[in-house]
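Colleague: Could you walk me through this one slowly? I'm still learning how to read these.

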Amino acid sequence: MTSGADERRDLWSRYWATGIPHSCGTTYEATYGGAIGTFWREAFSTLAPVDRVLDIATGNAALPRLLLSARPQLPAACDAVDAAAVDPDWLRQLEPQQRQRLHVHGGVRAESLPFADGVFSLVISQYGIEYTDWPVAIAEALRVLAPRGRIRILAHHAESRPVMLAGHEIEHTDWLLQHDGLVDLAAGMIEPMARSASAQGRASLATDAAANQLRQRFNDVQTALAARLTTAQCPDVLHEVRDWVAQVFRLATTGGVAAGTQALDQIRRGLVDSRLRLTDLRRHALDEVTVRQFCAAIGQGGLHTTAVPLSDQGHLLGWAVCAEPMN
Ligand SMILES: C[S@@+](CC[C@H](N)C(=O)[O-])C[C@H]1O[C@@H](n2cnc3c(N)ncnc32)[C@H](O)[C@@H]1O
């Protein structure tokens with residue numbers, strides 16, 4: 001595994017450890033409604049009790065969760081793999097009978113699956129398999145697919161709304177993290193903020209030209225942020241960072257410089273992680289050409305494979321890929 005792969009594994013491990021249910025932002029509930037939910041419910045509707053399902057690049061197992069809620073009485077078992085260290089909390093709240101149906105395997109790469117040949121009746125992946133070395137991962141998926149098995153994939157589409165929103169969020173993140181930008185200036189403000197907690201500190205600030213100059217620059221960047229918010233698409237990250245920085249300053253006045261610095265470092269790391277995830281999302285999205293290659297790779301397994309754009313309320317969300325036995 002390359003160090004890039006290690007970095008991605010750790011970054012996704014940190015992301016899933018926060019307990020977030022899935023990677024689609026706050027638009028969808030843990031068990032999906034809308035067109036995505038309909039796509040998956042339809043895929044699960046024909047499962048038989050003896051069937052086994054495999055979810056590739058499962059994250060916090062959003063699809064297995066949807067499967068359990070869509071077919072609560074069905075004993076069909078589900079394995080779910082991810083390269084990251086995943087251990088979703090929600091599994092521990094399941095009834096024992098449901099819990100037995102589901103096996104989540106963290107630290108398992110889709111390019112090398114620890115399963116015997118031909119055991120899964122349905123292989124699924126949501127915004128997942130396209131992140132892998134997918135010609136290899138598809139060959140692996142075909143290897144473990146049972147005779148007459150099916151594949152359903154929702155993959156990122158190069159022109160979709162998530163890809164477009166990721167582009168805006170990357171721009172905002174770069175703006176926040178730029179040299180002498182909001183995060184840098186906030187770091188400089190932590191010490192004066194901590195000092196302002198005491199009367200003596202406030203007195204010293206009144207005559208501290210450097211601190212006052214820094215405060216002016218910070219106020220200017222706050223004004224620029226307010227202006228950016230009036231026109232920004234996908235402004236959540238701007239709102240969040242503004243609020244978090246206010247919390248950092250509160251922390252600095254109550255807990256001192258070290259506490260404020262630690263909190264701001266965490267914000268900075270979170271932004272850097274998020275930027276990497278969003279960049280990967282855009283990089284792995286499939287365009288018209290690559291989705292044809294993707295379908296052709298699945299077709300190697302003798303499956304009739306189609307990819308159609310999936311939209312919800314006028315927003316393009318991805319490619320719905322369906323692969324079925326020929327007859
Ligand atoms: C966008 S998330 C999707 C997670 C989940 N399917 C969902 O819809 O919430 C992409 C996932 O792909 C995983 N991943 C990336 N490369 C992988 C690989 N080679 N093998 C297995 N998982 C991989 C990441 O660790 C990450 O959890």
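**Talking through the model**

Modeller: Leaving aside residues up to four places away in sequence, arginine 71 touches Phe44 and Leu47. Please keep in mind throughout that this is a predicted model.

Colleague: Okay, and where does arginine 71 lie?

Modeller: Arginine 71 lies in the loop between H3 and strand E2, the strand that covers residues 77-81.

Colleague: How far apart are arginine 71 and aspartate 174?

Modeller: Going from C-alpha to C-alpha, arginine 71 and aspartate 174 are 43 Å apart in space, and in sequence they are 103 residues apart.

Colleague: Switching topic: at what angle do helix H10 and helix H11 pack?

Modeller: Helix H10, residues 236-255, packs against helix H11, residues 257-284, at an angle of about 160°, and their axes are 7 Å apart. Angles over 145 degrees count as roughly antiparallel, so H10 is roughly antiparallel to H11.

Colleague: Is the crossing of H10 and H11 left-handed or right-handed?

Modeller: The crossing of H10 and H11 is right-handed. On the H10 side, the contact is made by Val241, Trp244, Val248, Leu251, Ala252 and Gly255, while H11 contributes Val257, Ala259, Gly260, Ala263, Leu264 and Ile267.

Colleague: And by class, what residues does that contact have?

Modeller: The contact of H10 with H11 has 10 nonpolar and 2 polar residues, with no charged residues.

Colleague: What about the ligand, which residues are the closest?

Modeller: The ligand is surrounded by 18 residues, and the closest are Trp12, His22, Ala57, Gly59 and Thr132. Sorted by class, the shell around the ligand has 8 nonpolar, 7 polar and 3 charged residues.

Colleague: Now some backbone angles. What is the phi of alanine 61?

Modeller: Alanine 61 has a positive phi of about 65°, although it is not a glycine. This alanine 61 lies in the loop between strand E1, residues 52-56, and helix H3, residues 62-70.

Colleague: Why does alanine 61 count as buried?

Modeller: Alanine 61 counts as buried because it has 24 C-beta neighbours inside 10 Å.

Colleague: And cysteine 234, what is its phi?

Modeller: Cysteine 234, which is not a glycine either, has a positive phi of about 55°. It lies in the loop between helix H9, residues 209-231, and H10. Cysteine 234 is partly exposed, with 17 other C-beta atoms within 10 Å.

Conventions:
Residues numbered from 1 in each chain as written. Predicted model: local features only at pLDDT ≥ 70, side-chain atom pairs only at ≥ 80, totals over all residues. Near = placed C-beta within 6 Å. Nonpolar A, V, L, I, M, F, W, Y, C, P; charged D, E, K, R; others polar. Axes fitted to C-alpha atoms, helices over the stretch in contact; angles between N-to-C directions. Helix = DSSP H or I, 4+ residues; strand = E, 2+ residues; numbered from the N terminus. Parallel < 35°, antiparallel > 145°, perpendicular 65-115°, else oblique. Left-handed = near helix turned anticlockwise from the far one by under 90°. Contact = placed C-beta atoms within 7 Å. Buried ≥ 20, exposed ≤ 12 C-beta atoms within 10 Å, placed from the backbone.
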